Amino acid sequence: MNKEIIYGITGILDKPDDVINAAKKLEEADYKKYDIHTPYPLHGIDKAMRLKPSPLGYFALAFGLTGAITGLFIMWLTMSQLYPQIISGKPFFPLPALIPVTFEITVLLASVGTVLSMLFFLFKLPNNSHPLHDTDYMKKVSADKFGVCIEAKDVKFDLEECRKFLESINCHTIEPIYYPEETINFRPKIFETKFVMFLLAAAFLVSGATYVLLNKLMFVEPFNWMMFQQRLDAQYPTKFFKDGFSMRTPIEGTVARGTTPYLYKGNPEKAGTELVNPIEATKENLAVGKAKFDTYCSPCHGYQGNGDARLNGQFPNPPSLHSEKVRNWTDGRIYAVIMDGQNSMPSYASQIKAEDRWKVINYIRTLQRALNAKEEDLK
Amino acid sequence: MTHSSGSVYVKKEFAPSNLMFGVGVLLVGAIMMIVAYMVDNHRAAFNTIITFMFLMSIGLGSLFLVALEHLVGAVWSVPFRRISEMLSSLIFIAPILSIPLFINLHGLFHWTHPEALAEDVILAAKAPYLNESFFIIRTVAIFVVMGIFYFLLVGSSFSQDKTKSEKISKRNTVVSAIFMPFFAISVTILSIDWMMSLEPHWFSTIYGVYYFAGTFGAAMAVLAFISINLTEGGYMPEKIKRDHYYNFGALLFAFTNFWAYIAFSQFLLIWYSNLPEETFWYITRGQGSWLVVSIFLIIIRFLVPYAVLLPQPAKSDAKRLKFMSIWIIFAHFYDLYWLVMPTYSKNGASFGWMELVPPVVAAGLIIVVFNLMSRKRNLIPIGDPKLSRGLNFHL
C-alpha cells in the first residue's frame with residue numbers, strides 16, 4: 001500500500017572545491033531544482049549556485065522599522081498623551097531619553113522577527129519532515145562529505161540522465177531517494193501524541209519552576225535580602241523617623257510652587273478691603289468666567305445669579321447676587337466667599353483656580369451691570 | 001601557498017603629474033594659510049587646530065590600522081597595509097603644523113592666562129594638568145612615542161620587503177600589543193588637550209573615544225579611497241576584488257554607527273543630568289546657526305553614510321565606496337569644525353574662505369606625502385608571509 005515516490009537523485013563528493021565545481025557544472029547544464037548539502041557553511045557556494053541574495057535582510061529591515069515606529073508611538077502615547085508626568089524636569093516627550101529604548105525595541109523586533117520569518121517563511125516550519133531525512137545521504141553530508149541532490153521536480157529530470165550527469169562530475173555513492181506517498185504533503189507531525197505530551201510536560205515543568213521561583217525561592221535567605229532595605233516606602237511606617245511616618249509633612253510656612261497663600265481665612269471683611277482683582281475683564285477672561293460660573297455656581301445661584309436654583313429645593317436657595325449688598329461689595333469680599341464659603345454655601349477654593357476665581361467675579365459684575373443697567377449704559 | 005604571488009608583483013610607477021598636482025594643491029593651501037594668518041591671526045589659528053587634528057587622525061589612525069592588522073592577524077588587509085604604513089608618516093608632518101599653534105597658545109586657550117587663573121577657582125584647580133609647560137611636554141611626548149612606534153612597526157615592514165623574514169611579522173605582533181595602550185592614551189590626551197581644553201570648564205570622559213571614532217572612520221576612508229583608486233588604475237595586484245572591498249565598506253559602516261553611538265552617549269548623559277557646568281557646551285552648539293550645523297552633523301556624519309552603506313551590495317561596490325570615502329573624510333572635517341569653532345564664534349557659525357584652509361592643506365599634504373613615500377617602495381608588503389593569503393582572500 002505504501003507507494004514509493006521519487007524525490008530526487010543524490011551523489012556524494014569528498015572535497016569542498018569539488019562541490020563548488022559541481023554547482024558550476026549544474027548551472028551550466030541548466031538544472032534549476034537542485035540543492036547542495038555541506039557539513040559547514042561553504043564560502044563561494046552561493047555564487048557558484050547563482051543564488052539570489054536572501055530576502056532575509058528585507059524582513060529584518062521591515063521588522064526593525066516596525067519596532068522603531070511602534071516603540072516611539074507607544075512611548076509618545078503613554079508618556080506625553082495619556083499619562084503626562086514630569087520626570088526629572090524633562091519635557092513630556094523627551095526624545096533623547098527615548099532613543100535608547102527605541103533602539104532596543106528596534107533590535108529586539110528585528111532579531112526576533114528575522115529568526116521567526118526565517119523559520120516560517122524560508123524553512124517552512126512546522127513542516128518538520130523531509131524526504132532526505134533519515135537517509136544515508138543526509139548522514140554523510142552532515143558529517144564530513146559534500147552532497148549534490150537533483151530533485152525530481154526539475155523539468156529536465158530523468159533518472160538515468162541525471163545518474164550519468166552526476167557520474168560525469170565525479171560523484172560517488174549515487175542513489176535515488178524515494179519517499180512513501182502518505183507523506184506526500186510533508187504533513188506536519190506536531191499533533192502526534194508524543195509531541196503533544198512533550199509540549200505539555202515542558203509547559204508543566206516551566207510553570208512549576210516559575211511558581212517555585214517566584215513564590216518560594218525568592219523568600220529564602222539570601223535571595224530575600226533585597227526585600228529588607230534601608231529605605232522609606234510611601235504609605236508605610238518607618239523606624240527611621242521618631243513619629244513613625246515615612247511621608248513627611250512640609251515645614252510650617254512652606255508655600256507650594258505656583259500658588260499664593262490665602263491669608264484671610266475667616267476674615268472676609270479684611271479680604272474685602274485688602275484684596276484687589278488682578279484680572280482684567282477682557283472678552284476671553286469673561287468667557288472663562290462664564291464657563292466656570294455656569295459649571296460651579298449656577299446650580300444654586302442660577303444662570304443669571306438671581307438665586308433661582310435648579311436643585312428643586314434640596315438645598316436652601318441662596319439670595320440673589322444682584323442685591324444692593326453684593327453689588328456694593330468689593331471684588332475681594334466676593335473672593336472671600338468663594339474661598340471660605342458662607343454659612344450653608346461651601347468653599348469652592350479647591351475646584352476653581354485662583355485666577356479663574358477672579359474671572360468668575362468679573363463675570364458676576366457683568367451680570368450685575370446687565371440686570372441693573374444705568375441710563376448711561378444705553379448710550 | 002608561500003611567497004609565490006608576492007614575486008609576481010611588479011611595481012608600476014606613478015605618473016609624475018600626481019606629485020605635481022599634490023604640490024600644487026599644497027602650495028595653494030600654504031599660501032591661503034599664510035594669508036589667513038596675516039588677515040586674522042586668531043581665526044587662522046583655530047583653523048590650524050582643525051588641520052592639525054585631522055592630520056593626526058589620518059597619521060595616527062593609519063598607524064593604528066597597521067597595528068590592528070598585526071595584532072588580530074588580519075589577512076584581507078595585508079595587501080593594503082603598505083598604504084596605511086606610508087600614510088602614517090603624516091605624524092611627522094603634524095609637528096610642523098603644531099608650531100604656529102604653540103606660538104598662538106594664548107589666543108587659543110583661555111587657561112593659559114594667569115589672570116584668568118587668579119579669579120577662576122575651577123581653572124586654578126585644573127592648573128596642575130592644564131599649564132603651558134606640561135601641555136607642551138605632553139604633545140611632544142606623543143610625537144616622540146608615536147614616532148618610535150612608527151619606526152618599530154612601519155620601518156621593520158619596509159625592510160621586510162628585502163629580508164622577507166618571518167620573524168619581523170612575529171615581532172610586530174608583540175610591538176602592536178604594546179602600541180595599543182600608548183595609542184589609546186595618546187589619542188585621548190591629544191583630543192582633550194587640543195580640543196576639549198578650548199572650553200577649559202567643560203569636561204566629558206568619553207571625548208577621547210569620540211575623537212577616536214572619527215579618527216578610525218577617516219583613516220579607513222582615506223585607505224579605502226586610495227586602495228580602490230590604485231586597484232582600478234592597475235597599480236595593485238589583479239587579485240584584489242570585491243571581497244576585499246567588502247571589508248572597507250563593512251568597517252566604514254561599522255564606524256559610522258560607532259561614531260553615532262559615542263556621540264549620542266555623550267549627548268544623552270549630559271542632557272539628562274542637566275548640570276550647568278556640562279550643558280553649556282551643547283547649549284552653545286544648540287543655538288542660532290550652530291543648531292543648524294549640529295543637525296547637519298547628524299545627517300552628514302551618521303544618517304547619510306548609514307543609509308548609503310546599509311545595503312549589502314553597497315559595501316563592495318567600488319563607485320559607492322569611493323564616493324562614501326570622500327564623504328566620510330569630509331564629514332570628519334565637519335565634525336572637527338563643529339568641535340573646535342564654536343569656541344571661536346560663540347554666537348553663530350561663521351564660515352568663510354579661511355575654513356577652506358584645513359581641507360586644502362590636508363589634501364595637498366596627503367597627496368604629496370603619499371607620492372614621496374611610495375617613490376622607492378612597493379605598494380604592497382611583498383615580504384609579508386601572509387600576503388598571498390591576503391590576495392586570495394574571499395568572503
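What percentage of the 395 residues of chain B count as buried? In this predicted model, the share is 57%.

**Overall fold of chain B**

Chain B contains 17 helices and 0 strands. Its accessible surface comes to about 16,300 Å², and carbon and sulfur atoms account for 72% of that area. Among the contacts of chain B between residues at least 6 apart in sequence, 84% join residues at least 24 apart.

**Salt bridges**

Side chains of opposite charge can pair when their charged atoms come close. Over all chains, the structure holds 24 salt bridges.

| Salt bridge | N to O distance |
|---|---|
| E355(B) and R43(B) | 2.6 Å |
| R82(B) and D161(B) | 2.8 Å |
| K346(B) and E199(B) | 3.3 Å |

In the salt bridge of E355(B) with R43(B), distant parts of the chain are linked: E355(B) belongs to the loop between α15 and α16, R43(B) to helix α3 (residues 41–72), and 312 residues separate them. E355(B) counts as buried because its relative accessibility is 6%, and R43(B) likewise counts as buried at 15%.

The salt bridge between R82(B) and D161(B) has its partners in helix α4 (residues 78–87) and helix α9 (residues 132–163) respectively, so it ties together parts 79 residues apart in sequence. Both residues are buried. R82(B) and D161(B) also take part in a network of salt bridges that includes E69(B), R81(B), E85(B) and D384(B).

For K346(B) and E199(B), whose side chains also meet in a salt bridge, the loop between α15 and α16 is tied to the loop between α10 and α11, the two residues being 147 apart in sequence. Here K346(B) is partly exposed, with a relative accessible area of 40%, whereas E199(B) counts as buried at 10% relative accessibility.

S325(B) is placed in helix α15, which spans residues 318–344. With a relative accessibility of 0%, S325(B) counts as buried. Its side chain reaches the backbone oxygen of L321(B) at 2.6 Å. Beyond neighbours within four places in sequence, S325(B) is in contact with A221(B), A224(B), F225(B) and L252(B).

**Interface with chain A**

Contact between the chains involves 9 residues of chain B and 12 residues of chain A. About 820 Å² is buried between them, 75% of it from carbon and sulfur atoms. F264(B), W271(B) and Y272(B) supply 56% of the area that chain B buries against chain A, more than any other three residues. By class, the side of chain B touching chain A has 7 nonpolar, 2 polar and no charged residues. Between the two chains there are 0 salt bridges, while 2 residue pairs are in polar contact across the interface.

Conventions
Residues numbered from 1 in each chain as written. Chains lettered and ligands numbered in written order. Predicted model: local features only at pLDDT ≥ 70, side-chain atom pairs only at ≥ 80, totals over all residues. Heavy atoms only, no water. Contact = heavy atoms within 4.5 Å. Buried area = accessible area lost by both parts, 1.4 Å probe. Salt bridge = Lys/Arg side-chain N within 4 Å of Asp/Glu carboxyl O. Polar contact = N/O pair within 3.5 Å; in protein donor to acceptor, adjacent residues only side chain to side chain. Nonpolar A, V, L, I, M, F, W, Y, C, P; charged D, E, K, R; others polar. Helix = DSSP H or I, 4+ residues; strand = E, 2+ residues; numbered from the N terminus. Buried < 20%, exposed > 50% of the residue type's maximum accessible area, 1.4 Å probe, protein only. Areas by Shrake-Rupley, 256 points an atom, 1.4 Å probe, with all protein chains shown as cover.
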